[in-house]
Amino acid sequence: MDHSRMLDRADSALVVIDVQEGYRDRTVEHARMVRGVRALIAAATEFAVPILTTEQYPKGIGRTQSEVTELLPVGTPVIEKMSMSCCGQPEFLAALGELGRAQVVVCGIEAHACVNQTVHDLLAHGYRVHVPRDAISARAEPDLRVGWQKMIGSGAVPATVEMVCLEWVRTAESPHFKAIHRLIK
């Protein structure tokens, strides 16, 4: 049975793109997206899935929102960038490559811009990319909708936060199941 579209926590990395102060309450269902990002960070931390975070032009857009940074494990790289795609920042590609993971869960802002371009570049680099729909957003609904459609149409695996968490845990017999169940309730 081919499970190549299923996540394996031992082969996954989480990328949190540009959940910055300048976007606070300016994106579609912003609170929902932040809740999703927080749940993904908590789940990744539970399973020791490595996390990379980025900030687009922090001088102008601000730093990562505090409710996101407060959950990041100590030492989580925060990579500043000017390119829309995270892959346009050599430090990002080097950090991701050092992790040796083939699957990348991508969340953050904005679906049609930085998330979209990063997803396409990761696909071009051979990564299997999963995008939880409830952990991405954009300032305008058409950009969110079309950005999502383009990424999925190009080969990204559609997901939800709960789906990612449950694929990482796999069984209710896991010692991690109670923590994950609390996250998704």
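Which residues touch the most other members in the largest nonpolar core? I began my notes with that.

**Entry 1: ground rules.** I am reading a predicted model, where local features need pLDDT of at least 70, side-chain atom pairs count only at pLDDT 80 or more, and totals for chains, interfaces and linings use all residues. Residues are numbered from 1 along each chain as its sequence is written, and side-chain values use heavy atoms, leaving out hydrogens and water.

**Entry 2: the core.** I found Leu14, Val16, Val19, Val37, Ile41 and Trp168 touching the most other members, out of 31 residues. A nonpolar core here is a set of buried Ala, Val, Leu, Ile, Met, Phe, Trp, Tyr and Cys residues joined through side-chain atoms within 4.5 Å; buried means under 20% relative accessible area with a 1.4 Å probe, protein chains only. Helix H1 (30–47) is among the elements giving two or more residues, and its share of 9 residues is the largest. Helices are DSSP runs of H or I, at least four residues, numbered from the N terminus.

**Entry 3: Ile41.** I looked up its contacts (heavy atoms within 4.5 Å). Leaving out residues up to four places away in sequence, Ile41 touches Leu14, Val16, Ile51, Val68, Leu71 and Leu72. I also noted a second, separate core of 26 residues, including Val119.

**Entry 4: helix H5.** Val119 turned up again among the buried residues of H5, with Cys114, Val115, Asn116, Thr118 and Leu122. Val115, Asn116, Val119 and His120 of H5 meet Gly147, Lys150 and Met151 of H6. After H5 comes glycine 126, with a positive phi near 95°.

Note on methods: Buried < 20%, exposed > 50% of the residue type's maximum accessible area, 1.4 Å probe, protein only.
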